[in-house]
Amino acid sequence: MRFVVSRGVVFDETAALALGAGNARASRLVVEAEKSPLLHVYVPALCLAVAETERPGVAEHLGSLESVEVSELDFAASAAVGKRVRAVGGDSWGAAHALYVAMPSVDWPKGCAVLTRHPDRYQGTGIRTVPLDG
């Protein structure tokens, strides 16, 4: 018997902007997620907000994609993100929310990878990153 494992990928704001600009790797992940129920693409709400400030219309574009799930900022996420930004100082709100979404949880015991142009932001957190080209 073959055991198939689901994969989750979190797009931080740099990946959300890259997807909006047609980046091949980001686009390929979204297309794969449309074809496979085993691949999940998440965009944290704060990453989407940051991306929208830099590229107007990107929120509507990403929000229209069926395979992209926007991760809301509930109480637990708000508290964790605020504590991370306060503790680290240099983290952006978007990166802190991406880190929160990618952390191991009941749904994702091994956590999710973060697609990003800045993998160094997540260094030392234990979170896997997938670097974006360009």
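Biologist: At what angle do the axes of helix H3 (residues 45-54) and helix H6 (residues 93-102) cross?
Modeller: This is a predicted model, in which local features need pLDDT of at least 70 and side-chain atom pairs count only at pLDDT 80 or more, whereas totals for chains, interfaces and linings use all residues. Residues are numbered from 1 along each chain as its sequence is written, and side-chain values use heavy atoms, without hydrogens and water. Helices are DSSP runs of H or I with at least four residues, and strands are E runs of at least two, numbered from the N terminus. The axes, lines fitted to C-alpha atoms over the stretch in contact, with angles from 0 to 180 degrees between N-to-C directions, come within 7 Å and cross at roughly 150°.

Biologist: Which relative orientation do H3 and H6 have?
Modeller: An angle over 145 degrees counts as roughly antiparallel. H3 and H6 are therefore roughly antiparallel.

Biologist: Which residues of H3 and H6 make the contact?
Modeller: Contact requires heavy atoms within 4.5 Å. H6 contributes Trp93, Gly94, His97 and Ala98, and H3 contributes Ala45, Leu46, Cys47 and Val50.

Biologist: How many residues of strand E1 (residues 7-11) are buried?
Modeller: Buried means under 20% relative accessible area, with a 1.4 Å probe and protein chains only. E1 is mostly covered, the buried count being 4 of its 5 residues.

Biologist: Which residue of strand E4 (residues 113-116) is the bridge partner of valine 10?
Modeller: Strands pair if DSSP finds at least two bridges between them. E1 and E4 run parallel and are joined by 3 bridges. In E4, the partner of valine 10 is valine 114.

Key
Parallel < 35°, antiparallel > 145°, perpendicular 65-115°, else oblique. Buried < 20%, exposed > 50% of the residue type's maximum accessible area, 1.4 Å probe, protein only.
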